[in-house]
Amino acid sequence: MVQINLPKNSKVQKGKFYKDKTGSKNIRKVNIYRWDPSSGENPRIDTYEVDMDNCPSKVLDLLNKIKNEIDPSIAYRRSCAHGVCGSCAMNMDGKNGLACTKPHKEIKGDINIYPLPHLKVQKDLIGDLSTLYKQYESVEPWLKVSKKNGGKENLQSIEDRSKLDGLYECIMCACCSTSCPSYWWNGDKYLGPAVLLQAYRWIIDSRDEDRKERLKKVADELKLYRCHTIMNCTNACPKGLNPAKAIASIKKMLATG
Amino acid sequence: MRENNPLSPHIQIYNWHISSLVSICHRITGIINIIIITFICLWLTFLLLGSSNYELIQKFLLTYFGKFIIIGTIWSFSFQILSEIRHLFWDMGLGFELKTANITGLLVIFGSFIATIAIFILGRGLI
């Protein structure tokens, strides 16, 4: 259901202020969403003054700098730092993206960093994505073939292979799904852009023999048709993919048979 | 996962994009249009009931508030129709590229205002 306001325990409070100690003249304020599960308090926004003269270019570098030099208690996910693993997906400056590929120069004014929207927060910038992973599992994201090919390769024409371009690149960072208002209000039933893009990736694969079943399974008022083409997903995707188009392609396949 | 984990902020912090703005306006104008159509039906019923009833509505529509309602109605329908045309193209699988979607979104927004002015002036000329 649509619930515009945050629940009582999620209201964000003003937090601590960490004043710059380096005496640098090139200072930026960074506001970060904090929540400590052991404190029993509401989430808060901590403000850090960061010396930008000695900070590399991306938002993740900024976070690392804060964690290393100012406040080691801050928690966030990160791994590859090259936009491949999708761990550091978060909301920066009001838009979802990967902290490791987003230059902080692109952000004007204070830098606001929140966890991915409308998730149960585990700690600070870490949201709980288990619902999304369960939904991903429900579309059975693996190749289904009946006959054994005698250990040979399962061949595909260049044309058929090109249909997977713009789909296989998805890293499941959840930037798109958590940017989608429909997914906010109906996240328990609506599959969301990330999972639907994956569903389409297997539907359109020429080697897969389960296309009809897959389409039947996804053709549901709530699972698929909660997409109202708001297009926040395509706007958010850090890999430049187009989940909205993939969803529309599924709808079109269902309509035209 | 414990029950007391907070929900991360969503609509409070998320930026508006052209397409999300057009999408929410599409819904709002849709609801407004249903209400307006109901009133237009009532208006027609009033016509059948005699001239005094007609004059009552006529007087209301000539007030500033009445004119606001008329112009609002024209805008609401213009917006809904233009946005619906955009949706029809989407249903054919066209216009999903970010750049195209932004341009068509802007066309809907500005087009609806231009259409409102054009229809209002044209309508006045006809009357």
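## Getting started

How many helices and strands are there in chain A? Chain A has eight helices and eight strands, where helices (H or I, at least four residues) and strands (E, at least two) are DSSP runs numbered from the N terminus. This is a predicted model, in which local features need pLDDT of at least 70, side-chain atom pairs count only at pLDDT 80 or more, and totals for chains, interfaces and linings use all residues. Residues are numbered from 1 along each chain as its sequence is written, while chains are lettered from A and ligands numbered from 1 in the order in which they are written.

Along the principal axes, the C-alpha atoms of chain A fill a box of roughly 65 × 40 × 30 Å. Of the 257 residues in chain A, 39% are buried. A residue is buried if 20 or more other C-beta atoms lie within 10 Å of its own, exposed if 12 or fewer, and partly exposed in between, with C-beta atoms placed from the backbone.

## Two domains

The domain assignment of chain A gives domain 1 (8–127) and domain 2 (130–145 + 156–256); such bounds come from an automatic or database domain assignment. The centres of the two domains, taken over C-alpha atoms, are separated by 30 Å. Their contact takes 14 residues from domain 1 of chain A and eleven residues from domain 2 of chain A, two residues being in contact if their C-beta atoms, placed from the backbone, lie within 7 Å. On the domain 1 side, β5(A) gives the most, with four residues.

Strand β4 (residues 89–92) of chain A runs antiparallel to β5(A), and four bridges join them. Here M90(A) stands opposite G97(A) in β5(A).

## An exposed loop residue

K21(A) lies in the loop between β1 (13–18) and β2 (27–34) of chain A. Why does K21(A) count as exposed? Because K21(A) has 10 C-beta neighbours inside 10 Å. C-alpha to C-alpha, K21(A) and V50(A) are 9.0 Å apart in space, though 29 residues apart in sequence.

The largest nonpolar core has 64 residues, of which M90(A), A99(A), L196(A) and A199(A) touch the most other members. Such a core is a set of buried Ala, Val, Leu, Ile, Met, Phe, Trp, Tyr and Cys residues joined through C-beta atoms within 7 Å. With eight residues, α5(A) gives the most to this core, which draws at least three residues from each of domain 1 and domain 2 of chain A.

Helix α8 (residues 243–256) of chain A has buried residues, including P243(A), A246(A) and I250(A). The buried residues of α8(A) pack against α5 (192–203), α6 (211–218) and α7 (232–236) of chain A, together with α3 (64–91) of chain B. After α8(A) comes G257(A), whose phi is positive, near 80°.

Technical notes
Two strands pair if DSSP finds at least two bridges between them.
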